[in-house]
Amino acid sequence: MECNRIKKDGFTLVEMMIAVLIMAFIAAFMWRIYSNGGETMRHTVSQSQLQADIRQFLDRLESEMMTCYAFNEIDSENKKFSFYSYTYSKNPLERIYYDESGEIRDISSEDSEQSVKVKKIEYSWKEDGTVTKTRTPGWLYFLRNPMVFKEDNSNVFDNGDKAMTKVILRDIKDLEVKGYKQKIEMNEDNEVGYKVEPVVSEEDVPLATFIVLRLHAYKGEGGRKRDEEIDVVTKYYSSIRIADITNDGYFCSTDRDGTF
């Protein structure tokens with residue numbers, strides 16, 4: 001009597017382990033692709049946001065520098081700078097030329113009462129990586145030497161010029177600022193040119209024509225995430241100082257030499 005043996009098809013334990021191992025490799029590879037894609041997306045968005053914040057800051061600073069009357073402080077060591085900017089509110093010429101009794105103000109006195117309405121704007125870097133903006137409205141007695149600024153937060157200033165202090169940038173690893181002054185000079189061939197010199201003392205600050213500003217933004221993510229980093233160097237001119245140098249003594253009613 002013969003016994004019929006039934007042949008069974010299937011996988012051995014070794015084959016099963018190999019199959020599981022291959023599937024694990026494939027799953028790990030797919031997860032790696034997904035993870036890298038997500039990290040690339042996160043890094044791109046974060047980097048773009050950092051760039052947008054800095055661009056917004058630089059655009060705002062450029063607008064303010066267009067109305068910059070004079071620099072008040074350029075402190076490279078403590079990483080801060082400030083300047084006097086014209087306000088957008090009315091500044092009657094009567095206040096510059098005449099006193100309250102209607103008499104012409106004395107422009108030759110070191111105690112001159114001739115003043116112009118301004119806002120003092122200061123930017124400063126902190127060790128926690130933030131950049132703070134402080135705005136202080138007031139009156140600038142521009143004919144005194146040195147100039148004198150008196151704070152005034154009364155209703156004479158528009159809402160857009162009210163005093164305030166706020167953080168405007170974060171994740172700034174370093175801020176560098178340097179001031180430069182320039183003047184027109186003639187060379188040996190009687191050609192007109194500009195001589196540029198660095199601002200090296202406090203007395204030179206009101207004579208500064210432009211600043212060179214460097215912002216080093218760095219956002220450390222830690223772990224396997226990529227860090228965000230941006231390094232920007234730009235130059236900002238005071239249009240008032242440029243015009244004053246080009247048209248010495250004949251630019252506007254607030255010239256420092258009093259020749260209106």
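Of the 260 residues in the protein, 37% are buried, where buried means under 20% relative accessible area, exposed over 50% and partly exposed in between (1.4 Å probe, protein chains only). The model is predicted, so local features need pLDDT of at least 70 and side-chain atom pairs count only at pLDDT 80 or more, while totals for chains, interfaces and linings use all residues. Residues are numbered from 1 along each chain as its sequence is written, and side-chain values use heavy atoms, with hydrogens and water left out.

The protein has three helices and 10 strands; helices (H or I, at least four residues) and strands (E, at least two) are DSSP runs, numbered from the N terminus. Their order from the N terminus is α-β-β-α-β-β-β-β-β-β-β-β-α. Among contacts (heavy atoms within 4.5 Å) with a separation of 6 or more, 63% are between residues 24 or more positions apart. The protein exposes about 16,800 Å², of which carbon and sulfur atoms supply 53%; accessible areas come from the Shrake-Rupley method with a 1.4 Å probe, and for residues only the protein chains shown count as cover.

Strand β7 (residues 172-186) pairs with two strands, as tabulated. Two strands pair if DSSP finds at least two bridges between them.

β7 and β8 form a hairpin with five residues between them, and N190 in the turn has a positive phi of about 60°.

H216 lies in strand β9. H216 counts as buried because its relative accessibility is 11%. Beyond its neighbours within four places in sequence, H216 contacts D171, I172, K173, D174, E229, I230 and D231.

A nonpolar core is a set of buried Ala, Val, Leu, Ile, Met, Phe, Trp, Tyr and Cys residues joined through side-chain atoms within 4.5 Å. The largest such core has 29 residues, and F57, L61, F83 and Y123 touch the most other members. At least two residues of this core come from each of α1 (13-65), β1 (68-75), β2 (80-86), β3 (116-125), β6 (164-169), β7, β9 and β10 (228-237). The most come from α1, with six residues. Not counting residues up to four places away in sequence, Y123 touches F57, L61, E64, K79, K80, F81, F83, V131, T132, K133 and I168. A second, separate core has 13 residues, including I96, V116, V118 and L143. In soluble globular proteins, nonpolar side chains tend to be buried together.
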